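Welcome! Take a moment with the picture, then read on.

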Amino acid sequence: MRLLRLDVECFGALVDRSFELDGDTFVVEGPNEAGKSSFHAAVETVFYGFQPATREAHPYATWGDDRRTLRLVALVETADGARWQVERRLASSAGLRLARDGEALAGPFLGNVALPELQGTPRALFRAVYSLTANEFREPNDEGLQELIDELLLGDSGLSGMRSVRTLRAELAEERARLWRRDNRGDPVDRRLQRELGDVRRAAREAADAERQLALDERELEDTNRRIEVECAALEALEHELEECELRAELTRLQRLRAEFESIDLSGFGAQPDGTHVELEDPVPLAHELRAARVALEAPTARLAVAPVLASARALELLRRANAIEHLQVEEAEDRHDERGLQDLDETTETERSRAFDLVRGFAPTVAEGLEDSPPGSRSLSSLPLGALRSAARAWRGTCEQRAAALATGQRRLLPGLGVVFVGLCGAGAAALTLAPLWLGVMGAALSVTALAALVLLAATDGRHSRAAARTPAAIAGLAVDIGLDPACLVGPDAVLDALGALDEADEALGRAAVSHARAERVTTTRATRHALWRSLADEAGLLRLTDAPQSLPVALLPRLLRETLDAARDATRSATSDAAERASAEATLAAARQLNGELRARQRALHNGLHRALNRALPSTATPGAAFEELQRLQHERTVWEGEWRQLARRPRFAALVQERGASATESEATLDIPEATADGSEGPERAPVDADELRRQRTRTRSFLDDAQRKAGELAERLRTRRGTTPSELRERERQLEDELRDTRQAHDRLALLERALVVGERRFRAAHQPDVLRAASESLEAITAGRYGGIDYPDPDARRLVIRSNVRGERVTVGPPLSRGVREQVQLCLRLGTLEHLDRGREPLPLVLDEALVHWDPARRAALYPTLRALTARRQVILMTCQPDHAREAVAGIGARRVELSGPDTRDPRGGPPHVGGAART
Amino acid sequence: MPFRCLHIADLHLDTAVGGRTPELRAIVRAAVHSAFENALERALQGEVQAVLIAGDAFDDPLLTQATAAVFRAGLLRLAAAGITVAWCTGNHDPGAGTVRGRPGRAALLGLDDPARHGHPLVHVFRSHRPATIAVRAAHGAVTGTITSIGHTSDCDTENLARRLARPAGEAPAVALLHTQVDDTAGTEDHARYAPCARRDLVDAGFDYWALGHVHVRGRVPGTVAWYAGNPQGRNAKETGARGGLLIEVEKGEPPRVEPVDFCALRFETVRLAELESLHHPDELTARLASALGTAKRLPTLLRVELAGATPLADSLRRPEQRAEAESALALALDVLDVELCTTDLRPVRDHTDFHNTPSALREAHRLLGAAAAQDALLSVAELEDVELSPEAPPPGSPDRAAYVRRRLVGAADELLARALSEGQR
């Protein structure tokens with residue numbers, strides 16, 4: 001590809017510049033800051049695009065505030081002769097437009113991509129080989145440069161998107177070393193897998209052994225179980241034999257005991273001659289029963305022992321007095337002499353006395369005065385001779401009436417009247433005797449007698465009275481004086497009688513008052529007495545001690561409290577009375593029971609003594625009748641049990657056979673429960689032969705011990721079989737296979753990688769054999785030409801050593817390209833290597849211009865001059881563009897290879913900001 | 001009356017099975033047991049007079065006691081139903097002690113010990129002494145005879161078939177043997193234990209040979225011998241339906257053989273090529289569904305071998321994306337597991353420049369491509385002196401070149417893929 005024209009609108013130091021480059025060789029000359037580097041970068045940019053592709057970051061964007069779009073337009077010609085217009089622009093983004101020569105650049109911009117013809121030649125390769133400055137000729141210890149040399153000489157160059165062979169080899173070597181390596185350094189996967197595989201194999205062996213052991217265990221378990229079965233059967237037979245042996249011994253003992261029993265007199269039991277039946281019973285329970293009955297009977301007796309305490313004399317006295325109080329209460333209730341009644345009595349007394357005073361005061365004032373001073377209960381009128389006066393008055397009036405009756409009706413009319421008076425007096429006397437106190441009765445009786453006598457006298461003296469009726473008797477007068485009767489009342493018998501009537505009425509009133517008073521007094525006395533009794537009772541009952549102020553304790557409460565106390569006492573008394581009756585009954589029953597108990601005990605004792613005597617003969621070891629009886633009971637029970645055992649024994653075929661041998665049938669033996677008696681030869685029972693029971697027991701112990709061991713072992717084996725856990729051999733085998741597969745895959749992967757690596761080595765070798773000689777030969781020829789035969793023979797003998805060597809024709813030895821070789825020579829070797837590579841790179845690629853930007857500054861003129869023919873030879877396939885700030889170098893190039901000269905003017909000093917100046921004038925070529 | 005038998009072999013109970021995860025392997029192990037149970041059920045329902053087990057009932061070192069009990073119980077179940085059981089031992093269940101001097105599990109099972117688990121109808125042939133048993137009908141008539149001999153160790157190399165001869169009598173005669181018949185399809189993957197020739201089988205004169213050892217069900221050509229195959233595939237190599245043979249034998253008549261399947265799951269392998277048009281895993285699902293068909297299948301462990309160039313190559317080669325695709329495929333195809341083999345898969349790329357441009361990489365690529373070919377022995381020779389792992393045959397070994405070539409299959413493409421820079425991959 002050739003660059004025919006380059007129009008720079010804006011690119012670094014170049015602004016609005018146009019370069020005509022239609023030719024093979026150019027030398028761009030200009031002082032520093034003239035724009036040579038911009039030109040160099042513009043050429044690369046035409047081919048590959050902006051790098052970086054942002055205006056802000058691009059080093060050749062316009063300096064200062066004048067941010068212009070970077071734009072290059074070039075005309076290029078490809079190897080096949082096609083010409084293309086190339087427009088590259090970097091504004092907000094980078095773009096490319098292509099057009100055939102003569103056509104207008106139009107249409108959308110493509111991306112910032114390389115020209116299509118350069119797809120096989122990356123920018124890095126262009127920079128490394130085609131576009132060189134002095135900086136590119138560095139020492140080969142630089143990694144990037146070394147890689148470039150590798151690429152140049154080992155055949156990697158030209159493969160777009162491919163990594164270098166060296167990188168691949170390193171990667172493969174590292175990867176395969178991770179998988180397997182002989183020295184196992186770094187613990188490769190292979191070693192790790194082998195370790196795990198070893199573990200798994202060991203575990204698999206153990207698991208297989210365990211399973212096999214389990215199989216053996218199972219077999220052993222079966223054998224053990226079988227032996228257990230056999231031994232169990234043997235043990236059972238042994239047990240039977242031992243049982244038989246023991247049974248036989250026991251039966252023998254029982255036989256002996258039975259013989260002894262038969263000698264015991266048991267006549268005391270069973271049916272007695274008196275018709276009773278005595279069972280052979282254990283006396284102990286009966287004694288216990290009797291004891292329990294006695295205790296039950298003694299319980300009420302024990303309760304009675306408490307009763308006298310409750311019914312003490314004091315309580316009885318209280319009871320008695322409480323009864324009296326109750327009686328008083330009854331009387332009080334009957335008389336209704338409660339508080340209100342007592343007040344009524346007092347009022348009645350006062351009323352009657354007032355009435356009496358009033359009556360007396362009308363007929364006998366002096367008497368009335370004396371009455372007022374008399375006590376309320378007194379009856380003062382009784383001391384007055386009112387009867388005598390009344391008799392006198394009546395006599396007087398009888399006289400008068402007799403005289404009148406004689407006058408009018410005769411004496412017949414007087415006698416009935418007198419009879420009535422008599423009856424009345426008798427009635428009054430009787431009433432007085434009945435209702436009044438004794439003295440009143442006596443007084444009534446006296447009055448009656450007096451009245452009777454008066455009537456007799458009256459009748460006898462009827463005639464005489466009638467005569468004297470016409471005058472006041474002296475007796476009356478004298479009596480009236482004694483009585484204090486007002487003389488005015490003595491005017492006639494009726495008046496006297498009226499006065500006497502009033503006095504009698506007053507006397508009756510006084511009597512009633514006295515009665516009322518007496519009753520009130522009695523009530524009062526009775527109440528006081530009762531209260532005193534209550535308090536006394538309460539005191540005795542301890543009620544008063546219950547309160548802090550006994551005197552203030554209302555009497556009304558005492559009855560209730562006392563009643564409660566008395567009720568309790570009464571209940572206790574009643575209970576005591578009942579208990580007493582019960583005790584009496586119980587004591588009677590107890591006495592009967594004791595008697596019965598005594599009888600029973602005596603009878604039992606007699607029985608026991610009899611039994612004891614009998615049993616002492618049979619059982620000398622028993623010390624007491626109770627023990628003998630218990631032993632007897634035990635033996636009876638034992639005999640029952642052994643007889644049962646014997647029945648079972650008799651059912652066994654072997655025993656039946658034995659019995660049959662002895663001539664007895666088993667059925668018969670079983671039916672009669674007879675123990676076979678001693679045989680004729682003296683042996684006892686159903687024995688086959690004498691057997692040592694102890695030996696049998698020892699044998700049984702041994703068998704049991706064996707069985708215990710065997711069963712324990714069987715249990716352990718069964719448990720081991722049942723609880724087999726863990727990974728099975730097949731699982732481990734699978735894991736083993738998996739690991740084996742992984743190991744195999746790992747090793748095969750390693751081998752594959754090793755083969756790949758080796759293939760790369762072989763590929764390198766083949767490539768070097770096929771292509772490297774041309775490159776090195778061309779490079780060597782160039783070097784010899786440049787150094788005038790002083791050096792030559794460039795070689796890259798060991799890619800791993802990564803060293804270029806040359807041959808020093810002067811010294812006749814191979815020299816490594818590096819210090820102390822001079823820098824100029826080293827640069828010449830590097831340039832020759834590139835020149836030798838160009839032909840190789842051109843195969844299948846578009847030839848690109850060779851740009852040398854101040855690449856020859858370290859070369860001496862002679863060697864620069866020697867280079868030009870070589871460069872001229874290159875122009876047959878590509879453009880050669882040299883750049884220099886040295887006018888001499890430019891002239892040499894013009895002279896040496898006929899290069900067209902492109903001059904760039906100096907920097908624009910008008911720029912006040914000191915930035916890179918714009919080149920003012922047009923290029924001059 | 002024909003002699004009706006069920007012929008099974010190579011149960012390989014408690015063997016190590018295939019499966020990419022422990023869970024899958026547990027399923028396969030359970031399937032091996034299920035297949036045995038299926039065979040038992042079929043025998044109990046199929047009115048057979050005998051069940052023939054032609055060796056390798058289990059893998060002796062791997063057999064667990066629990067499985068041994070299951071196996072023993074199964075045989076006793078058959079015997080309890082009046083079915084004669086004939087089991088000859090094979091190299092995996094040898095009849096005598098071979099493992100560190102201990103007795104083989106066949107002996108420990110106690111099936112031939114009347115004092116232990118022996119049953120009159122259960123016959124174990126576990127010695128080199130041939131024996132013949134008569135199978136009788138209910139009325140006592142002999143309906144057939146079974147002649148057999150067993151392996152005593154896990155490496156019997158004697159021709160045991162020659163020891164067997166047809167017994168006299170008119171009853172159909174069946175021979176039972178665990179052997180490898182030479183020149184028979186499917187035997188190349190099996191070790192040559194107790195090998196015999198077809199001629200031996202023919203000369204013996206039996207009406208039927210019930211063979212075991214080869215896991216592929218089929219007839220030995222030119223004979224009346226059949227391999228029952230194993231009832232359950234155990235790994236990806238044992239694909240397809242598996243089971244046993246239901247046979248009816250009459251003297252002088254060719255046996256009537258009916259294959260019956262007992263497997264509880266299947267291993268299947270599908271190879272897909274011409275995948276250039278695949279751009280999405282769903283398209284791969286459709287292709288696989290089409291390849292598998294729509295018939296109702298047993299639970300399946302599917303292995304898919306992908307070959308050729310496809311746009312999916314890069315993604316399917318990445319383990320994570322491949323695992324995702326496998327899970328999605330298993331779900332979509334309703335199978336237990338899908339394993340994608342992408343070794344032969346390569347991406348679709350234009351490497352014209354690479355092939356046209358001289359470079360060391362191109363040389364290496366050409367070298368690898370040529371070495372992988374069978375006739376590029378000279379090219380391989382350049383690679384033979386590489387230090388390889390112990391897995392490789394030693395230098396100078398005749399197998400080394402073949403080993404190297406196997407390693408180089410697809411290596412050229414791999415090299416190219418590795419050489420691509422990250423952005424280009």
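In helix α11 (residues 398-407) of chain B, the buried residues are Val404(B), Arg405(B) and Arg407(B). They sit on the same side of α11(B), because they cover an arc of only 160 degrees around the axis. Pro398(B) and Asp399(B), on the other side of α11(B), are exposed. Keep in mind that this is a predicted model. The points below go through the chains, their sheets and their contact.

**Chain B as a whole**

- Chain B has 425 residues, and 48% of them count as buried.
- Its secondary structure comes to 12 helices and 17 strands.
- Look at the contacts in chain B with a separation of 6 or more: 70% of them are between residues 24 or more positions apart.

**Strand β1 of chain B and its partners**

- Is strand β1 (residues 3-8) of chain B mostly covered or mostly uncovered? The strand is mostly covered, since 5 of its 6 residues are buried.
- One partner of β1(B) is strand β13 (residues 243-249) of chain B; the two run antiparallel and are joined by 5 bridges.
- Within this pairing, you can find Arg4(B) opposite Glu248(B), which belongs to β13(B).
- β1(B) also pairs with strand β2 (residues 50-54) of chain B, this time in the parallel sense, over 4 bridges.
- Here His7(B) has Leu52(B) in β2(B) as its bridge partner.

- Strand β15 (residues 266-272) and strand β16 (residues 300-309) of chain B pair over 7 bridges in the parallel sense.
- To locate this pairing, look for Val270(B), which stands opposite Val304(B) in β16(B).
- β16(B) is also joined by 8 bridges to strand β17 (residues 337-346) of chain B, and these two run parallel.
- In this pairing, Ala309(B) is opposite Arg346(B) of β17(B).

**Chain A as a whole**

- Chain A has 925 residues, of which 34% count as buried.
- Its secondary structure comes to 26 helices and 15 strands.
- Of the contacts in chain A between residues at least 6 apart in sequence, 69% join residues at least 24 apart.

**An open sheet in chain A**

- In what order do the 5 strands of this open sheet in chain A follow one another? The order is β2-β1-β4-β5-β6, with antiparallel pairing.
- The edge strands are β2 (14-20) and β6 (94-100) of chain A, each of which pairs on one side only.
- On average, and with direction ignored, neighbouring strands of this sheet are turned by 15 degrees against each other.
- Strand β5 (residues 83-90) of chain A pairs with β6(A) in the antiparallel sense over 7 bridges.
- In that pairing, Leu90(A) has Ala94(A) of β6(A) as its bridge partner.
- Helix α1 (residues 36-48) of chain A packs on the sheet and touches β1 (2-11), β2, β4 (70-77) and β5 of chain A. The direction of this helix makes about 115 degrees with that of β1(A).

**One buried residue in chain A**

- Ile325(A) is part of helix α8 (residues 313-335) of chain A.
- Why does Ile325(A) count as buried? Ile325(A) counts as buried because it has 22 C-beta neighbours inside 10 Å, and the cut-off is 20 or more.
- Leaving aside neighbours within four places in sequence, Ile325(A) is in contact with Arg530(A), Leu533(A), Trp534(A) and Leu537(A).
- Ile325(A) and Trp534(A) are 209 residues apart along the chain, yet their C-alpha atoms are separated by 7.8 Å.

**Where the chains touch**

- The contact takes 52 residues from chain A and 50 residues from chain B.
- On the side of chain A that touches chain B, the elements giving two or more residues are α4 (165-179), α5 (189-262) and α22 (729-770) of chain A.
- Which element gives the most to that side? The answer is α22(A), with 23 residues.
- By type, the residues on this side of chain A divide into 20 nonpolar, 12 polar and 20 charged.

Technical notes:
Residues numbered from 1 in each chain as written. Chains lettered and ligands numbered in written order. Predicted model: local features only at pLDDT ≥ 70, side-chain atom pairs only at ≥ 80, totals over all residues. Buried ≥ 20, exposed ≤ 12 C-beta atoms within 10 Å, placed from the backbone. Arc of directions from axis to C-beta. Contact = placed C-beta atoms within 7 Å. Nonpolar A, V, L, I, M, F, W, Y, C, P; charged D, E, K, R; others polar. Pairing = 2+ DSSP bridges. Axes fitted to C-alpha atoms, helices over the stretch in contact; angles between N-to-C directions.
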